[in-house]
Amino acid sequence: MPPSTPYDAIILGAGAAGLMCAAAAGQRGKRVMLVDHADQPGKKILISGGGRCNFTNIHTTPDRYISANPHFAKSALGRYTAHDFIDLVDRHRIAWHEKTLGQLFCDGSAKQIVAMLIDECDRGAVEYALGKPVTAIDHADTLFRVRVGDREVSGTALVLATGGPSIPKMGATGFAYDVARRFGLKIVEPRPALVPLTLGGDETLFRSLSGVATDVVAKCGKTAFREAALFTHRGLSGPAILQISSYWRSGQPVGIDFAPDQPGGWLAAAKRAKPRGQFGAALASALPSRLAETLAERLAISGELHNIKDAILTEAERRLSDWRFTPNGTEGYAKAEVTAGGISTADLSSQTMQAKRVQNLYAVGEAVDVTGWLGGYNFQWAWASGWAAGQSI
């Protein structure tokens, strides 16, 4: 077709949501142009899951997503489910396994997921404009006009699928927010999510534990996650901490239960079972030795158990089950797996992902104020929201 013929849709962003949207629309017979400043599609997919792509989670439900409107994700997630994506993976004969907590990974490589999505786009005759920046976007006479490098393309629909500013080394920016604002869409303040927390002040003592990991329950407000926590040279990381970081706001304390498997009265029971045992050794029976030693120092308790009053042991248990840290921040977008906040769901249709007041403008994936838990949930939102928009274009 000559360049002057408008596309049915121009999709900005060839990541997970953009590729899914392009494939869904293209296979419905729509003429689609997929645009990305990167020189190849799916670059963030390739580094996900340690290179094996945690492509979905079988426990996906809307309550595992954070949004100013907790109901918004229900429609898209209900119409394109984790099992729909698993069926697609199976049709492409990609071997996969469940790791933990419903997380599904490729047996081989994340490259297989990218190749699958490109193949699906090829089946829909999707065209690409890669490796060049978008320098201008205009909207007039029911058409969107996009300047890509030195070329201008026009389309009936425009889809914002460029994600958020997390992982800037991969070229991530707040571009989608800038475009959305130009068209009058509101932005829920973006912030790093699924990100390590940093500690300062008196809590820098815990930096000596860098590299120590242990199973914990991490709590913030009414939300709690049980997974591993990892001490780092800057603070706290590991799955439990990444999960709770999405709920944490500056100034809030984070509570850690260091002994989630221990019954009430376990230290007093240890005293009765082994009265001449050392307090530090009792802690080390439930915790990594370096952590037990540091916590004993912070509790200022030492010596043989028979010399320690039960009331002191009970108070130690209480502290260990809800040890309070007040992070002084996070490691920011550079280390954040995703961005929370984004284009307000109040301005979008939950069925189609189309802007309510701007016909044929869509937003999908991470650019939208819907953020999933760690473990494949954000990919499932990308697939579901991209598919929903692709059915509507």
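Visitor: In what order do the seven strands of the open sheet stand?
Guide: In this predicted model, local features need pLDDT of at least 70, side-chain atom pairs count only at pLDDT 80 or more, and totals for chains, interfaces and linings use all residues. Residues are numbered from 1 along each chain as its sequence is written, and side-chain values use heavy atoms, without hydrogens and water. Strands (E, at least two residues) and helices (H or I, at least four) are DSSP runs numbered from the N terminus, and two strands pair if DSSP finds at least two bridges between them. The pairing is antiparallel, and the order is β17-β16-β13-β14-β15-β12-β18.

Visitor: Why is one side of β17 and of β18 left without a neighbour in the sheet?
Guide: β17 (323-325) and β18 (329-330) each have a single partner strand. For β18, an antiparallel pairing with β12 (residues 197-198) runs over two bridges.

Visitor: What is the bridge partner of L197 in β18?
Guide: Strand β12 spans residues 197-198 and pairs with β18. The partner of L197 there is T330.

Visitor: Which element gives the largest share of the lining of the second largest pocket?
Guide: A pocket is an open set of points on a 1 Å grid over the protein atoms alone, where a 1.4 Å probe fits, with protein on both sides within 12 Å along at least five of seven lines; lining residues have an atom within 4 Å of a point. This pocket is lined by 13 residues, with M20, Y80, R91, E120 and W387 nearest its centre. Elements giving two or more residues are α1 (16-26), α5 (111-123), α12 (377-392) and α4 (82-91). The largest share, four residues, comes from α4.
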